[in-house]
Amino acid sequence: MQQLIELYKKWAGKEPAHVEKLAGAGSNRQYYRLSDGNGKTVIGVVGTSQEEDHAFISIDRHFVQQKLPVPEVLAVSDDEMRYLQTDLGFTSLFDAIKGGREAGGRYNLAEQELLKKTIRALPNLQIRGARGMDWSACYPQPEFDVEGVLFDLNYFKYCFLKPSELDFNEVHLEANFRSLARDLTSESNEGFLYRDFQARNVMLDKDGNPYFIDFQGGRKGPFYYDIASFLWQASAKYSFKLRRELIAEYYDALKQYTEVPTVRHFAGRLTLFVLFRTMQVLGAYGFRGYFEHKQHFIDSIPPAMDNLRDLLKLREDLLPYPYLRDVLTRLTELPQFAHKDPVVQPRKDGFKTTNSDIYPKHPQDGLPTFSKYDGKGPLVVDVYSFSYKKGIPEDPSGNGGGYVFDCRSTHNPGRYEPYKKLTGLDEPVIRFLEDDGEILEFLDHVYALADKHVARYIQRGFTHLMFCFGCTGGQHRSVYSAQHLAEHLNKKFGIEVHVTHREQNIQQILPAKK
């Protein structure tokens, strides 16, 4: 620690005013935040391996030269066991998407957008970062190859498979390991393989833009590996639908940097890397959990086993390793790995799950016509949810202006027992509707119509406009739609909005923005 302070003193010209030790993760490196007392901070790192530190420092300097979103190494000790780097702040992607992770993988739209930003930025690092790279600096090896694959597969065998006490034939298993290793390394490896690409290793700036850290294990290799590593992270519990969307985002972004294989070929190759990565992380969880007794890694085993179960449901031609499939199938059936339904924790950040300002503003169009209602202002909007069984709400202003939208064409969560006593303001219902997606497409059209109307009413100085959303019971779809339109209009136009969920006896005023 004192040597790190001396390095800071040599770099800054004075000792740090404050030193804070940061919580570690899977690594044995130690991290500190050092402050000069005037608000400027840097991150100090104390490593345990000179070769690993040298790899990070060398790769980082290359990435900085390439103007990639990474921290910059500012100072290095003579033995390279300590170094200072720029402080990227306090928010990791892992922390930013905590709500969705704790809700069992039901990520809201804002969280999904952060994931998409991150996945779109990855090819920039992988392809541009590889150009001109000195691969000899990489540790422990410069390239993803058969030998490295077999090492990781045997890591899985000795640290996870054998401790499970499952019976298997090592000769037959080794033959399938070698077949998988040949398949994984059969294509050219021209990119930068991050190797530990996960949400904990992505920091976010104030605008949600991703910066990449902890890439000291990187090497020359195929781009499939990092996608498998990120999207099949055991604790993330990404849904099939979200994974598919993120893969599409990545595939589209990759086209900007290199020639890409066909979608069919890409998907087939990715499946092999998902299998490999799943076994690899189980090996790590076994070692860190069973042998080092770190609870975080033990807790990660059940979701990783769920990922393995999903893989084993694929057609045999996609994973053509019969004995390996047999061993893995029997592994998932062991009593200690029996499937258990996850406990889903409710979110603590209220019912709002979308960024209400994601729609572009519409320019005010044309010259206004004139009526006796012009020029009175300011505009106040009433938004209602209601049940058609009890009739459409009356217009209290007497103007008779506005819209009534029928939400009954969209999927109804009220048909399912878990949601019958909840409303469109409750998190489980919100996630049901947003995962299904029909309500989002419905609201896209509503927003486009409402934006035009509100903009014109503001332009003309009108004082009142009314929007009503009806569904069968006035409990789920109409409540969700009314609440989100109200927040959208209040945020976008800064106007006062009155929200009434009539059948729920809930009223709310969203005040005008000053």
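A crossing of two helices is left-handed if the near helix is turned anticlockwise from the far one by less than a right angle, and right-handed if clockwise. By that rule, H5 passes H9 in a right-handed crossing. This is a predicted model, in which local features need pLDDT of at least 70, side-chain atom pairs count only at pLDDT 80 or more, and totals for chains, interfaces and linings use all residues. Residues are numbered from 1 along each chain as its sequence is written, and side-chain values use heavy atoms, with hydrogens and water left out.

Helix H5 covers residues 109-128 and helix H9 residues 240-254; they pack at about 35°, with axes 9 Å apart. Helices (H or I, at least four residues) and strands (E, at least two) are DSSP runs, numbered from the N terminus. Axes are lines fitted to C-alpha atoms, for helices over the stretch in contact, and angles run from 0 to 180 degrees between N-to-C directions. Contact means heavy atoms within 4.5 Å. Among the H5 residues that meet H9 are Leu 115, Ile 119 and Arg 120; the H9 side includes Leu 246, Glu 249 and Tyr 250.

The sheet is open and antiparallel, with 5 strands in the order S1-S2-S3-S5-S4. Strands pair if DSSP finds at least two bridges between them. S1 (18-22) and S4 (73-76) are the edge strands, each pairing on one side only. S2 (residues 30-35) and S3 (residues 41-46) are joined by 6 bridges, and Leu 34 stands opposite Val 42 in S3.

Helix H2 (residues 50-65) lies across S4 and S5, at about 140° to S4.
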